[in-house]
Amino acid sequence: MIQKQIGHNKAIWISLVKFITHVVVGVIAFFAISIIAVLLSWWVSYLESIGVNPIIVKAITGFEYLLLGLDLLLAGIFIIRSMYMLVKDLWK
């Protein structure tokens, strides 16, 4: 009985460590991609200041928003999926 309880506690800790690892990796990936979006924003500001065609500037700005939106969406899906896996592991 005690051996079974120890194994169950170990499984809980393994699940929690896996979840925390997923969250940390997901946050790092989110920030890495967000930095790219910020760099694009700075580049767009520079292009506007030197008088580049507004259509090109708007296209790059659209790509910047698309990149940030997809980053937010995929980070949210990743975190929700990690939470689902944690709950599934804890209910075994």
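**Close-ups of a predicted model**

**View 1. One salt bridge turns up in this predicted model**. The partners are Lys 18 and Asp 89, whose closest N and O atoms sit 3.6 Å apart. Lys 18 belongs to helix 1 and Asp 89 to helix 2, so the pair ties together parts that lie 71 residues apart in sequence. As for cover, Lys 18 has a relative accessible area of 40%, so Lys 18 goes down as partly exposed. Side chains of opposite charge can pair when their charged atoms come close.

**View 2. Here's the largest nonpolar core, made of five residues**. Its members are Leu 40, Val 44, Leu 47, Val 57 and Ile 60. Helix 1 (2-49) and helix 2 each put in at least two residues, with helix 1 giving the most, at three. Zoom in on Leu 47: once neighbours within four places in sequence are set aside, Leu 47 is in contact with Val 52, Val 57 and Ile 60. In soluble globular proteins, nonpolar side chains tend to be buried together.

**View 3. Some nonpolar side chains form a patch on the surface**. Phe 63, Leu 66, Leu 70, Leu 73, Leu 74 and Ile 77 make up this patch, and together they have about 590 Å² of accessible area. Take Ile 77, which is found in helix 2 (residues 54-90). Ile 77 counts as partly exposed because its relative accessibility is 46%, a value between the 20% and 50% cut-offs.

**View 4. Phe 30 and Phe 31 form an aromatic pair**. The structure holds one such pair. The two rings are edge-to-face, at 5.5 Å centre to centre and with 65 degrees between the planes.

Technical notes. Residues numbered from 1 in each chain as written. Predicted model: local features only at pLDDT ≥ 70, side-chain atom pairs only at ≥ 80, totals over all residues. Heavy atoms only, no water. Patch = residues over 30% accessible without salt bridge, like charges linked within 9 Å, V, L, I, M, F, W, Y side chains within 5 Å. Areas by Shrake-Rupley, 256 points an atom, 1.4 Å probe, with all protein chains shown as cover. Salt bridge = Lys/Arg side-chain N within 4 Å of Asp/Glu carboxyl O. Helix = DSSP H or I, 4+ residues; strand = E, 2+ residues; numbered from the N terminus. Buried < 20%, exposed > 50% of the residue type's maximum accessible area, 1.4 Å probe, protein only. Phe/Tyr/Trp six-rings, centres within 6.5 Å; stacked < 30°, edge-to-face > 60°. Core = buried A, V, L, I, M, F, W, Y, C linked by side-chain atoms within 4.5 Å. Contact = heavy atoms within 4.5 Å.
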